[in-house]
Amino acid sequence: MALDGIRMPDGCYADGTWELSVHVTDLGRDVTLRVTGEIHIGGVMLRLVEKLDVKKDWSDHALWWEKKKTWLLKTHWTLDKYGIQADAKLQFTPQHKLLRLQLPNMKYVKVKVNFSDRVFKAVSDICKTFMFSHCGKKRLKKKKGEGFSSAGFGFVSELASLGAGRNWPGANSQLLFLLPVGNIYSSPGLYSKTMTPTYDAHDGSPLSPTSAWFGDSALSEGNPGILAVSQPVTSPESLAKMYKPQALLDKAKINQGWLDSSRSLMEQEVKENEALLLRFKYYSFFDLNPKYDAIRINQLYEQSKWAILLEEIECTEEEMMMFAALQYHINKLSIMSSENHLNNSDKEVDEVDAALSDLEITLEGGKTSTILGDITSIPELADYIKVFKPKKLTLKGYKPYWCTFKDTSISCYKSKEESNGTPAHQMNLRGCEVTPDVNISGQKFNIKLLIPVAEGMNEIWLRCDNETQYASWMAACRLASKGKTMADSSYGMEVQNILSFLKMQHLNPDPQLIPEQINTDINPECLVSPRYLKKYKNKQITARILEAHQNVAQMSLIEAKMRFIQAWQSLPEFGITHFIARFQGGKKEELIGIAYNRLIRMDASTGDAVKTWRFSNMKQWNVNWEIKMVTVEFADDVRVSFICTEVDCKVVHEFIGGYIFLSTRAKDQNESLDEEMFYKLTSGWV
């Protein structure tokens, strides 16, 4: 009698084999195989395909272990090595699956993505395909028993026939989640060579790369240049229904869902055809070049535009009107743009090269201007500045001082004649927080400084007399906060950027122009945030937008977008990602803000900085995964420990590691991406 047919009480057969159940997702069939623990994964798949006896290209398929949330991609490993036994339920499923992807411009595309790759790699492939870089993903996740509702999101993309509800935390419906960034560089090709070809289900012929990626969308025609075209907000109703964070705590909750870049989409329970939101995550934008980066510039513009309209970032009334004027100008030029302009022709680029030479947006690592040339001595500032140091139960009383700005320090003297003696006040701005407080119409040019001291932060206010003085001192303060002096080659550029930002906020109405345009197609409900719509009538807002438009009316389309991005970067809250945290020794919940160059401990109710720590002074950071505590050590034996109360500490760990990774980027623009270094700095346990 043969022993191979005798089944033992434990489910195994007498010859040592056992039954392995595999579900083939494409066919909806369950297949049982007789295996041993010594058979390798490649052998299992070979036996499975032979038993199915279906003529089909199975090259993109792999085994997925649902219980363990693991892809069995190491085909030379045995079942024993993976720990797979008879009770395991495996799936034989394609690695590449469709996603509904919402771009920063709020338009949807249908994209085929490798669900077995790490998210970092998957996002990298997506961005290469779209021909833009430095991006991340957001995710819409529904609660059990709920479906996606189109009521929360008002417009359907022209790029794809897909749409989904867009509700944010606090909207009593779906929760918005965020997928992590893939920090990659653009590729000239439309289709990633790492993608496995897909085949037509009817005749078995290979699908074209673009149709495999984009289905029936406009991108399938092989023209990703459509992503460089800005499309105006056309529905005030849809804008009104979108979720808008009401407080800093709401903004912090938005950031709780960034997924793990070192794990695959399937491992993080992302399903086929799920709606994902592609967003820039790290606020370090390198080498924005109008000649080659039309798509990235447009998507950055779109993300910044929506952040302002949805009040995700604060701005003053004058700044809002400036942003509205730039939007109106960009909308007009986008409509009038010819096919040559959409393709970013060399002729047009040459015409704006000179105007854009000073608009290279650089943040800690990008190219720097050489305006100041070779400097052998460090420049200084000296002028009468009004200074105020707040105290409890006192009104703001500014006192004039003769102030000198040398290196990274400001010295205040009672008069110019006493400047050779001992200063009445002296402050070192290295590591401080610098915040503008400007009102153009009111001629208010204030600089708020929060200077780190042992017990916290000292608050100092500087009041300048005019725009020129303000630009010089503000630029010096910003550099000093980073440990740089006015000898740095970026100082001149910083001064010019500040002056340009102020100039765009001027309101100089020309009575001969505005009455003719007052009845134009301007729709203020699509250009300004709801806060200002409640404050003024539509006609008043329209008039102010037209006034501000005179300052930007001569700009080209690409220059206007760059100016918008630059103005966004100038806002005090730009680039700070908030998380709710409880600091070691603290009794209440506070906020931890992570920027590209620093950590900020913040008051949860006011948003004021309690303490700031620069990454340049950081020695190391680590995570206690058992108690979910992040600890960061700085120079001078400074140690900061906190627990994130509403987010996995892995998310915070990845933000810190990601910015450290970006800071290591060399000046060489041809530098290749070091994926392994990114994983070492961000993955923690991988």
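This is a predicted model: local features need pLDDT of at least 70, side-chain atom pairs count only at pLDDT 80 or more; totals for chains, interfaces and linings use all residues.
Residues are numbered from 1 along each chain as its sequence is written, and side-chain values use heavy atoms, with hydrogens and water left out.

Helices (H or I, at least four residues) and strands (E, at least two) correspond to DSSP runs numbered from the N terminus. Two strands are taken as paired if DSSP finds at least two bridges between them. Strand β3 (residues 61–65) runs antiparallel to β4, to which it is joined by three bridges; Leu-63 lies opposite Leu-72 in β4. Axes here are lines fitted to C-alpha atoms, for helices over the stretch in contact, and angles run from 0 to 180 degrees between N-to-C directions. Contact means heavy atoms within 4.5 Å.

A further open sheet comprises seven strands in the order β14-β13-β12-β11-β17-β16-β15, with antiparallel pairing. From one strand to the next, the twist averages 30°. Strand β11 (residues 381–388) pairs with β12 in the antiparallel sense over seven bridges, and Ile-385 has Tyr-401 in β12 as its bridge partner. On the pairing of β11 with strand β17 (residues 456–464), three bridges join the two antiparallel strands, with Lys-386 opposite Arg-463 in β17. Strand β12 (residues 399–406) is also paired with strand β13 (residues 409–413), over five bridges in the antiparallel sense; Thr-404 has Ser-411 in β13 as its bridge partner.

The axes of helix α8 (residues 317–336) and helix α16 (residues 557–570) come within 9 Å and cross at roughly 155°. The two helices are therefore roughly antiparallel to each other, a class that covers angles over 145 degrees, with those under 35 counted as roughly parallel, 65 to 115 as roughly perpendicular and the rest as oblique. Among the residues making the contact are Phe-323, Leu-326 and Ile-330 of α8, and Leu-557, Phe-564 and Trp-568 of α16. The residues of this contact divide into ten nonpolar, three polar and two charged. Nonpolar denotes Ala, Val, Leu, Ile, Met, Phe, Trp, Tyr, Cys and Pro, charged denotes Asp, Glu, Lys and Arg, and the others, Gly among them, are polar.

Arg-544 is located in helix α15 (residues 538–549). This residue is buried, with a relative accessible area of 16%, where buried means under 20%, exposed over 50% and partly exposed in between (1.4 Å probe, protein chains only). Leaving aside neighbours within four places in sequence, Arg-544 is in contact with Glu-317, Glu-318, Met-321, Leu-507 and Tyr-536. The C-alpha atoms of Arg-544 and Leu-507 are separated by 7.6 Å, although the residues lie 37 residues apart along the chain.
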